[in-house]
Amino acid sequence: MEHQNNDTYLAKWLSGEMSDEQLMEFKKTPAYADYKFLIDVTDGLQTPDYDQQKNFNATLEKINTQQEEKITKVRAFIPSWAYAAAAAVVLFFGYSFFFQKTSFQAQLAEQTSFNLPDGSEVLLNAGSEITFNSFNWNNNRTLNLTGEAYFKVKKGSKFTVVTKKGTVAVLGTQFTVNSRKGFYNVTCFEGKVKVTSGKLSQLLTSGNAITIQDNSVVPYTTTETVPSWTTQESSFNEVAIYQVITELERQYNITILGKEHLKPAYFSGRFSHTNLQQALTTVFDTMEIRYTFDANSDVRIQKY
Amino acid sequence: MPDSRKSVCEQRIFEEVFNTYSKTIRNFIYYKCGDTAQAEDLTQDAFVKLWNNCTKVPFDKVKSYLYTLANNAFLNEVAHKKVVLKHQKSVTSIATHESPEFIYREKEFKGELERAIANLTEKQRQVFLLNRIENKKYKEIAEMLNISVKAVEKRMHGALVSLRSEIEHFKK
């Protein structure tokens with residue numbers, strides 16, 4: 001062992017750089033078994049799990065917060081740091097292009113359409129909002145929705161729509177999500193979508209839809225190939241009358257008074273987005289609801 | 001070389017770099033401090049710095065830049081505690097050629113070994129685990145730590161000698 005008695009021979013042994021002769025001698029020593037065993041046990045050890053995505057998101061978070069801090073700091077020193085402030089603002093917008101949340105809104109009585117960074121199309125119905133992070137979009141296609149939207153999703157990684165009521169994960173392609181107070185509907189027009197809401201987890205294929213309202217889950221089929229609201233109409237399949245009326249308010253940007261007089265009922269049918277008088281007739285008359293409609297476009301539901 | 005034209009200022013490249021190096025850097029720090037939360041925090045900080053300085057770091061220098069940052073970050077971390085490594089044990093049965101007595105005591109031995117590894121100097125432990133668990137060659141480790149291959153070999157050797165003496169009494 002004498003000629004091996006230097007301070008690196010164990011390292012050479014492990015990397016396989018020891019000569020055959022040296023190795024044979026080393027194997028004869030009692031120390032060999034100890035080292036061999038030690039290495040065998042060590043090689044069976046593992047490091048704790050590493051969640052790459054979680055860490056990446058945390059990193060982005062830090063980059064974002066850092067930008068905000070920079071801005072606040074600069075604001076405090078504006079008089080003497082005017083140039084720095086200007087530079088930081090430019091920098092901030094540069095970064096925000098990548099890292100800030102992007103949001104799109106459709107005001108009452110309007111619809112908005114836009115493309116996501118991957119080319120997927122979104123059509124937002126009246127009184128709805130979508131926010132998402134455009135940086136890293138292609139790997140993390142997740143967006144938040146309040147209200148109703150129609151999606152034409154380009155093929156790619158998992159596409160997820162998060163709402164207060166539940167989550168829709170997309171496996172293929174064209175669908176609408178409508179998440180309103182007390183009402184949740186997902187309709188699949190093409191491909192497959194997975195709906196998760198509370199304990200419910202359901203796969204919808206094209207032509208299938210699901211409505212969750214009043215604590216009940218109602219699946220149904222549809223023959224529509226695009227959502228009716230993209231063609232100047234709103235259609236309903238056994239939807240609580242209250243929801244239908246709030247949709248009327250959103251589409252025409254009006255306030256309908258006297259909702260407390262409504263009796264629980266479900267409405268199936270459609271109304272036009274272009275003629276309020278006609279829309280009111282189709283909804284209220286078929287449901288035998290008494291109402292008044294005056295010159296100021298004020299609609300008031302009467303006791304019936 | 002097309003790589004030299006790549007810039008980490010591009011979000012796509014930045015993420016690619018993250019996916020390539022973040023895990024190794026995390027373990028690189030973890031082997032030194034034995035604290036996953038701290039290791040991940042410092043790893044994230046290194047990438048934040050990389051992003052902030054993306055225009056100054058040529059693509060082919062990104063790797064060494066990250067390791068230098070990770071090293072420095074660790075040195076700057078004032079409150080760093082003496083920690084015990086908590087390795088997850090793999091289920092694979094080992095050393096079947098050893099004596100039954102040894103196999104019987106394998107579990108206890110693992111605990112003993114973990115304690116012995118934790119008692120190594122930071123430098124020895126980092127080199128030893130990078131080689132054994134991350135399967136990094138001495139040359140790669142030397143580059144990461146910015147030291148010579150000879151120095152890496154010395155640390156490896158020292159680690160083994162120290163581990164053996166630590167577990168010696170356990171066998172008897």
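Start by selecting L204(A), which sits in strand β12 (residues 200-205) of chain A. Bear in mind that this is a predicted model.

Is L204(A) buried or exposed? It counts as buried because it has 21 C-beta neighbours inside 10 Å, and the cut-off for burial is 20 or more.

Now show what surrounds L204(A). Setting aside neighbours within four places in sequence, its contacts are V186(A), C188(A), K192(A), V193(A), V195(A), A209(A) and I210(A).

Move to chain B. Select I29(B), A46(B), L66(B), A70(B) and M156(B). These have the most contacts inside the largest nonpolar core, which has 48 residues. Next, colour helix α1 (residues 11-33) of chain B; this helix supplies the largest share of that core, 10 residues.

Zoom in on L66(B). Not counting residues up to four places away in sequence, L66(B) touches Y21(B), I25(B), A46(B) and L50(B). Apart from this core lies another, of 31 residues, including L116(A), I130(A), V168(A) and V186(A).

Finish where the chains meet. Here 34 residues of chain A are in contact with 39 residues of chain B. On the chain A side, select α1 (9-14), α3 (30-43), β1 (45-46) and α4 (52-76); each supplies at least two residues. Which element of chain A gives the most to this side? α3(A) does, with 9 residues. Colour the chain A side by residue class: 17 are nonpolar, 12 polar and 5 charged.

Methods
Residues are numbered from 1 along each chain as its sequence is written. Chains are lettered from A and ligands numbered from 1 in the order in which they are written. This is a predicted model: local features need pLDDT of at least 70, side-chain atom pairs count only at pLDDT 80 or more; totals for chains, interfaces and linings use all residues. Two residues are in contact if their C-beta atoms, placed from the backbone, lie within 7 Å. Helices (H or I, at least four residues) and strands (E, at least two) are DSSP runs, numbered from the N terminus. Ala, Val, Leu, Ile, Met, Phe, Trp, Tyr, Cys and Pro count as nonpolar, Asp, Glu, Lys and Arg as charged, and the others, Gly among them, as polar. A nonpolar core is a set of buried Ala, Val, Leu, Ile, Met, Phe, Trp, Tyr and Cys residues joined through C-beta atoms within 7 Å. A residue is buried if 20 or more other C-beta atoms lie within 10 Å of its own, exposed if 12 or fewer, and partly exposed in between; C-beta atoms are placed from the backbone.
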